[in-house]
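Try each task before you read its solution.

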Amino acid sequence: MKLKHLLIIALFASALQSCVVMSPKKHKALLAERDSLATRTATLEEQVSKLIADTSRIRQELATLKGNYSGLNDKYNALDKNYNASSSKVTQLSTDLQKREARLKEVEEILRKRDEATNALKDKLQKALLGFQQSGLTVDIRNGKVYVSLTDKLLFPSGSIVIDEKGKQALKQLAAVLNKEADINIAVEGHTDNKKIKNLGQIKDNWDLSVLRATSVTRYLTETENIDPKRLTATGKGEFQPIDTANTPEALSKNRRIEIVLTPKLDELYNLITK
């Protein structure tokens, strides 16, 4: 039974017990007090109900906040873990970048030294072969390599693969420089014009002629001038890499040539790049 009902019954019993002797005025006062007490009781009950509801709401909000906090804490831990991982990656990338920059500087230094060596070799060859430059010999640098180009008339009689005396003198001067430059690889390339070969016996075409002339020069440099054969390569290019594409006698003469391609050994650079 509710508190209000109990209070009303108690007051009513008390009033019954004293009604015989209670004056109307006192009876009226008791009734007013009863009504006031009932009103206060109702107010208290309402406040208690509100407090209970507020307590329930606060508990729900607290549970929600705890859940949110737990979720945020999980996110924070995940972000902190990712940050630490990212920081580690950044540190590693920075270290790798420094190593690459150091390696790049090494490569640049090696290439600088190669260019210096190439230019120095060109100067030496130009001085050593100065007497043959009027006879169709040129020395120049292309793509980091030194090219010594000798026209066929400087080395061979017409249609021949046998080096003449003037050609041997030029190759002898060339070999004197190359024997002092052990770190230079040598490629001997034979080139022809585009005219078909006639009556040259075993030489079938320009391919044959270019290859055989290249091997003749290679044999002379290795067998007579004692250049290490491991340094040399002989190839025939035929008519397919002309200097001058015109069909004039001058252009055809330029295209009939032996090119000796000199390349500084780049073992140091190769080893650095393949680390």
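**Exercise 1. Find out how many salt bridges the structure holds, then look at how a few of them sit.**

Step 1. This is a predicted model, and it holds 16 salt bridges.

Step 2. Start with Glu-181 and Lys-124: their closest N and O atoms are 2.6 Å apart. Glu-181 is in the loop between H4 and S3 while Lys-124 is in helix H2, so this pair ties together parts that lie 57 residues apart in sequence.

Step 3. Now check the cover. Glu-181 counts as buried because its relative accessibility is 18%, and the cut-off for buried is under 20%. Lys-124, with 41%, is partly exposed.

Step 4. Move on to Arg-257 and Glu-259, whose side chains meet at 3.1 Å, N to O. Arg-257 is buried at 5% relative accessible area, and Glu-259 is buried at 4%.

Step 5. Finish with a group: Lys-50, Asp-54, Arg-57 and Glu-61 are linked in a salt-bridge network.

**Exercise 2. Work out which residues of H4 are buried and how they are placed around the axis.**

Step 1. Locate H4 at residues 165–178; its 14 residues reach 20 Å from first C-alpha to last, close to the 20 Å expected.

Step 2. Pick out the buried ones: Gly-167, Ala-170, Leu-171, Leu-174, Ala-175, Val-177 and Leu-178. They are on the same side of H4, because they cover an arc of only 155 degrees around its axis.

Step 3. Recall a general rule: an α-helix has 3.6 residues a turn, so residues three or four places apart point the same way.

Step 4. Look at what covers that side. Among the covering elements are helix H2 (24–128), strand S3 (184–191), helix H5 (206–224) and strand S5 (257–264).

**Exercise 3. Find which residues touch the most other members of the largest nonpolar core, and which element supplies its largest share.**

Step 1. The core has 31 residues, and those touching the most other members are Leu-125, Val-148, Leu-171, Val-217, Ile-260 and Leu-262.

Step 2. Sort the core by element: H2, S1, S2, H3, H4, S3, H5 and S5 each supply at least two residues. The largest share, six residues, comes from H4.

Step 3. Zoom in on Leu-125. Leaving aside neighbours within four places in sequence, Leu-125 is in contact with Val-139, Val-146, Val-148, Leu-174, Val-177 and Leu-262.

Methods. Residues are numbered from 1 along each chain as its sequence is written. This is a predicted model: local features need pLDDT of at least 70, side-chain atom pairs count only at pLDDT 80 or more; totals for chains, interfaces and linings use all residues. Side-chain values use heavy atoms; hydrogens and water are left out. Helices (H or I, at least four residues) and strands (E, at least two) are DSSP runs, numbered from the N terminus. The expected span of a helix is 1.5 Å times one less than its number of residues. Buried means under 20% relative accessible area, exposed over 50%, partly exposed in between (1.4 Å probe, protein chains only). The arc is that of the directions from the helix axis to the C-beta atoms. Contact means heavy atoms within 4.5 Å. A nonpolar core is a set of buried Ala, Val, Leu, Ile, Met, Phe, Trp, Tyr and Cys residues joined through side-chain atoms within 4.5 Å. A salt bridge is a side-chain nitrogen of Lys or Arg within 4 Å of a carboxyl oxygen of Asp or Glu.
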